[in-house]
Amino acid sequence: MKQFFIACLILLATSVAAHAQPKKGEKAPEIAIPDVEGKTVKLSGLKGKVVLIDFWASWCGPCRKAMPALRKLYAANKSKGFEIYGISLDERKGDWTKAMGADKITWIQVNEPGGWESATAKAWNIEHLPSSFLLDKEGKIVAVDPSEAQLKSLLSSLLP
């Protein structure tokens with residue numbers, strides 16, 4: 001009976017670990033999702049850049065409210081090697097593309113069918129929006145859900 005209990009605990013711990021959100025200090029798992037034109041954009045293709053992975057949706061008020069600050073940070077740091085990889089959890093492509101236009105988003109934007117149940121949202125264990133992860137040039141997570149001030153500070157230390 002004791003061995004059965006231990007086996008169950010190990011199985012439970014393995015299951016929880018498999019669904020845990022990536023953490024600071026870990027290498028970011030690969031992401032490969034199509035952009036608005038259907039071209040797959042791989043996160044690994046951005047190696048050598050500091051990347052903010054931004055999970056958002058058109059219907060998310062706090063996400064949309066954050067866009068002007070992201071636009072400013074992107075404009076100020078893109079030439080230094082900063083990129084934003086925006087992942088929309090919108091289920092309707094029209095809502096996503098309309099929001100991109102309204103918010104004047106110029107950085108990488110991708111959308112995977114399934115919303116909260118999409119493979120990427122599940123793999124990254126996204127439970128709230130917005131959710132963001134800042135990666136260094138090697139693809140290691142250096143911050144999870146950084147504030148605007150934290151993001152500015154981190155970018156100044158990570159970029160030339």
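Reply: I141 lies in strand β7, residues 141-144. Helices (H or I, at least four residues) and strands (E, at least two) are DSSP runs, numbered from the N terminus. This is a predicted model, where local features need pLDDT of at least 70, side-chain atom pairs count only at pLDDT 80 or more, and totals for chains, interfaces and linings use all residues. Residues are numbered from 1 along each chain as its sequence is written, and side-chain values use heavy atoms, with hydrogens and water left out.

Me: Why is I141 called buried?

Reply: Buried means under 20% relative accessible area, exposed over 50%, partly exposed in between (1.4 Å probe, protein chains only). I141 has 1% relative accessibility, so it counts as buried.

Me: What does I141 touch?

Reply: Contact means heavy atoms within 4.5 Å. Leaving out residues up to four places away in sequence, I141 touches several residues, including P22, W124 and L134.

Me: How do you know that β6 and β7 pair, and in which sense?

Reply: Two strands pair if DSSP finds at least two bridges between them. Strand β6 (residues 131-135) and β7 have 3 bridges, so they pair, in the antiparallel sense. In β7, A143 is the bridge partner of L134.

Me: What is the strand order in the open sheet?

Reply: The 5 strands run β5-β4-β3-β6-β7, with mixed pairing.

Me: What makes β5 and β7 edge strands?

Reply: Each has a single partner strand, so one side of each is left without a neighbour in the sheet.
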